[in-house]
Amino acid sequence: MALVNTTKGEMDDSLLEKKEGFVDNDDEYTTWVEYWLDGELVHRSVHVQLKKSVVLSAATASFE
Amino acid sequence: MSLTQGATNSFKVGLASGDFSFDSLVDTSYKIALYTGNANLGPDTTAYTTTGEASGGSYVAGGATLTITQIPTLGNQTGSTAAAYWSFANVTWTGAITARGALIYKDLGGGSTASVCVLDFGSDKTSVNTFVVQFPTSAYNTAILRIA
């Protein structure tokens, strides 16, 4: 038994329907958790894990 | 409207000109602002903008302060494959937020800002309770900001 922070306040998770999902591609690994109460979405957490770096390339000219 | 991930052009000049420094773990001048798909952010973005900025929950205009967790350091120190990298702590907001991407920027004070880079989440991400942005592992080949 655990309490879930919902739009209706703290609720026992046994009263809720839990749905989970994820998106996994080259750019991101995103997970989400939803809790539903009688067909109403009362909690949704999203965790966006970025995968891509911002890379600056340091270049030097060549002498010929 | 679009978000194009990458370092901004003004950051490239500013970094070479000494306008940016990431070498202090207590520097609180770097921020991350969230944006919806209505934003237009990319290489030519020079500063923080409110256009297309996300809202809702605990999010406030201007975004959140970033904590530097890794000051610039050299990784994979083997000749030309070495890379300098640095990174930030993950950021969490609460409440209902929808965001498509983010802008990291430097708060220069007095209302002035200077862009660093644009992050594209790939698609809209929506929370009702918790919205977490987790940066890539801080390493020479994965960190969010690198010079190779």
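## A salt bridge between the chains

The side chains of Lys125(B) and Glu28(A) meet in a salt bridge, with 2.7 Å from N to O, the term standing for a side-chain nitrogen of Lys or Arg within 4 Å of a carboxyl oxygen of Asp or Glu. The count of such bridges between chain A and chain B is one.

This is a predicted model, in which local features need pLDDT of at least 70 and side-chain atom pairs count only at pLDDT 80 or more, while totals for chains, interfaces and linings use all residues. Residues are numbered from 1 along each chain as its sequence is written, chains are lettered from A in the order in which they are written, and side-chain values use heavy atoms, with hydrogens and water left out.

## The interface as a whole

Between chain A and chain B there are 20 residue pairs in polar contact, both residues at pLDDT 80 or more; a polar contact is a pair of N or O atoms within 3.5 Å, where within protein one must be able to donate a hydrogen and the other to accept it, and residues adjacent in sequence count only if both atoms are side-chain atoms. On the side of chain A that touches chain B, strand 1 (3–6), strand 4 (28–37), strand 5 (40–50) and strand 6 (54–56) of chain A each supply at least two residues, strands being DSSP runs of E with at least two residues, numbered from the N terminus. Strand 5 of chain A gives the largest share of that side, 10 residues.

In contact, meaning heavy atoms within 4.5 Å, are 24 residues of chain A and 32 residues of chain B. The area buried between the two chains is about 2,200 Å², of which carbon and sulfur atoms give 56%; buried area is the accessible area (1.4 Å probe) that two parts lose on being put together, summed over both. In chain A, the residues that lose the most area to chain B are Leu50(A), Val54(A) and Leu56(A), together 35% of what that side buries.

Five strands form an open sheet with mixed pairing, in the order 3(A)-4(A)-5(A)-9(B)-6(B), where two strands pair if DSSP finds at least two bridges between them. Strand 3 (17–24) of chain A and strand 6 (91–94) of chain B stand at the edges, each with a single partner strand, so one side of each is left without a neighbour in the sheet.

Strand 6 of chain B pairs with strand 9 (residues 130–134) of chain B in the antiparallel sense over four bridges, and Thr94(B) has Thr130(B) as its bridge partner in strand 9.

## A four-strand sheet

A further open sheet of four strands, also of mixed pairing, has the order 6(A)-10(B)-5(B)-4(B). Strand 6 of chain A is joined to strand 10 (residues 145–147) of chain B by three bridges, the two running parallel, and the bridge partner of Leu56(A) in strand 10 is Ile147(B).
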